[in-house]
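Colleague: I'm new to this one. Can you walk me through it?

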Amino acid sequence: MASADGPSASGPVVLGIETSCDETAVAVVAGDVVRSNVIATQIPIHRRFGGVVPEIASRNHLEAILPVLNEALDQAGVARPRGGGRPAGVDAIAVTNRPGLIGALLVGVQTARSLALAWDLPIVGVHHIEAHCWASHLRSSSDEDRPGPRADTWLALAVSGGHTSLLRVTGPGAMEVLGATLDDAAGEAFDKTAKLLGLPYPGGPEIAALADHGDPGAFALPRGMRGRSDLAFSFSGLKTAARLQIEAAQDDGRSLQGQLLADLCASTQEAIVAQLCSVTARALDQTGLPELVVAGGVAANRALRAALGRVCGERGVRLIAVPPRWCTDNAAMIAGYGAALIAAGMRDDPHGLDAVASPTLRGRPPTPRPRSA
Ligand code: KG4
Ligand code: ZN
């Protein structure tokens with residue numbers, strides 16, 4: 001396929017659009033090389049509500065999408081004809097069309113469909129969680145070595161605000177869920193416990209920062225269901241246990257600050273990381289796969305990355321931790337995964353492409369449950 005970089009080895013140039021939750025994001029990626037990655041976050045807008053308000057998210061996506069699109073094209077150096085028309089050197093459009101908040105997804109999908117029709121470009125709908133995992137292939141420049149998995153089949157741990165899953169990946173569009181959370185996602189466990197501690201949304205980075213000064217052994221919090229041989233996760237008990245510990249401390253007249261707060265954060269992070277590591281270790285042992293990708297917002301967590309490094313080191317497994325800037329929601333991962341899908345011959349009908357709230361993978365039965373309130 002032609003591209004502004006020439007028919008480079010890196011693949012088609014794809015414009016990616018992401019609006020599934022609270023980031024309006026557009027990127028241009030040439031194969032696996034990120035040429036621009038623009039994100040307008042709504043976090044400050046939703047923070048005062050303690051979480052994402054779907055209708056407010058949709059309206060803000062509507063306001064942000066065109067300025068963000070223009071910025072992403074400009075930063076990528078994509079020339080556009082005066083008065084509109086197809087931008088030079090863009091080969092295809094990719095858009096998150098599942099899973100997510102339906103009103104939020106619709107803004108991205110309608111924008112992408114309109115552009116595909118107006119510019120007569122192929123379009124491909126992208127599964128948000130699959131794209132998180134494929135972000136392991138992204139690089140900043142074609143001079144860098146390819147960072148992604150080398151094996152034909154690899155394991156991915158996808159840990160985000162709404163999903164916690166282990167996937168066996170055999171290629172673009174071919175990801176099988178081996179195990180998922182039965183209740184809350186890991187990011188949700190961080191966010192809900194942070195809320196109990198009086199910390200702002202999103203709670204993951206807040207807990208992680210305070211945990212640096214705390215004792216992870218100070219409070220005993222549950223590490224999921226013991227004695228299971230499957231690959232299920234469960235985090236809802238952790239939140240209840242944290243609430244009981246917080247109430248007990250307050251009953252003793254202690255206020256939630258200083259060392260107590262740091263210890264609660266460190267203990268919460270330790271319990272979440274320990275469970276993610278033990279189930280992932282079981283998956284590595286059961287499958288014998290040689291490479292592990294960790295992706296999604298929670299994969300930005302330094303304690304998790306270090307602990308998975310130990311799990312992989314003990315087993316001779318290669319760990320590919322997605323760089324933190326591509327862990328939390330962004331459109332580079334959508335464009336990069338879109339490029340891989342397009343290169344593999346996949347595309348959608350721009351008239352028929354729909355937004356879908358549920359997390360069903362391409363051609364596979366639904367597995368993880370949608371995010372709870
Ligand atoms: O992938 P993501 O940006 O959005 C979804 O697809 O949900 O993930 C957001 C989640 C939030 O729950 C946030 O608290 C968590 O990722 N997160 C972190 C860190 N950075 C973001 N959790 C723990 N440690 C972090 N450093
Ligand atoms: Zn995400």
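Modeller: One term first: helices here are DSSP runs of H or I with at least four residues, numbered from the N terminus. Just after one of these, helix H10, glycine 345 takes a positive phi of about 90°. Keep in mind that this is a predicted model.

Colleague: Okay, what does H10 span, and how far does it reach?

Modeller: H10 covers residues 332–343, which makes 12 residues. From the first C-alpha to the last, the helix reaches 16 Å. That is close to the 16 Å expected at 1.5 Å a residue.

Colleague: How many residues of H10 are buried?

Modeller: 11 of the 12 are buried, so the helix is largely enclosed by the rest of the structure. The buried residues include Met333, Tyr337, Leu341 and Ile342. Gly336 and Gly338 are also among them.

Colleague: Switching to the ligand. Which residues are closest to ligand 1?

Modeller: Gly161, Asp191, Gly204, Asn301 and Asp329 are the closest. In total, 19 residues surround ligand 1.

Colleague: How does that shell divide into nonpolar, polar and charged?

Modeller: There are 6 nonpolar, 11 polar and 2 charged residues in the shell around ligand 1.

Colleague: What lies 3.1 Å from an oxygen atom of the ligand?

Modeller: A polar side-chain atom of histidine 128 does. Aspartate 191 also has a side-chain N or O atom 2.7 Å from an oxygen atom of ligand 1. With glycine 204 it is the backbone: an N or O atom there lies 3.0 Å from a ligand oxygen.

Colleague: And how much of the ligand does the protein cover?

Modeller: On its own, ligand 1 has 550 Å² of accessible area, and the protein covers 88% of that.

Colleague: Which elements give two or more residues to the shell?

Modeller: Helix H4 (128–134), H5 and helix H6 (203–211) do.

Colleague: You mentioned H5. Which salt bridge sits in that helix?

Modeller: Glutamate 188 and lysine 192 meet there through their side chains, at 3.6 Å from N to O. Both lie in helix H5, residues 186–196. They are 4 residues apart, about one turn of the helix.

Colleague: How many salt bridges does the structure hold?

Modeller: It holds 15. One of them joins arginine 168 to glutamate 176, with the closest N and O atoms 3.5 Å apart. Arginine 168 is partly exposed at 28% relative accessible area, and glutamate 176 is partly exposed at 33%.

Colleague: What about arginine 228?

Modeller: Arginine 228 forms a salt bridge with aspartate 230, and their closest N and O atoms are 2.6 Å apart. Aspartate 230 counts as partly exposed at 32% relative accessibility. Arginine 228, at 30%, is partly exposed too.

Colleague: Last topic, glutamine 42. Where is it found?

Modeller: Glutamine 42 is in the loop between strand E3 (33–41) and helix H1 (43–47). The residue is buried, with a relative accessible area of 3%.

Colleague: What does the side chain of glutamine 42 reach?

Modeller: The side chain reaches the backbone oxygen of alanine 57, at 3.2 Å.

Definitions and conventions: Residues numbered from 1 in each chain as written. Chains lettered and ligands numbered in written order. Predicted model: local features only at pLDDT ≥ 70, side-chain atom pairs only at ≥ 80, totals over all residues. Heavy atoms only, no water. Salt bridge = Lys/Arg side-chain N within 4 Å of Asp/Glu carboxyl O. Buried < 20%, exposed > 50% of the residue type's maximum accessible area, 1.4 Å probe, protein only. Near = heavy atom within 4 Å. Polar contact = N/O pair within 3.5 Å; in protein donor to acceptor, adjacent residues only side chain to side chain. Areas by Shrake-Rupley, 256 points an atom, 1.4 Å probe, with all protein chains shown as cover. Nonpolar A, V, L, I, M, F, W, Y, C, P; charged D, E, K, R; others polar. Expected span 1.5 Å × (residues − 1).
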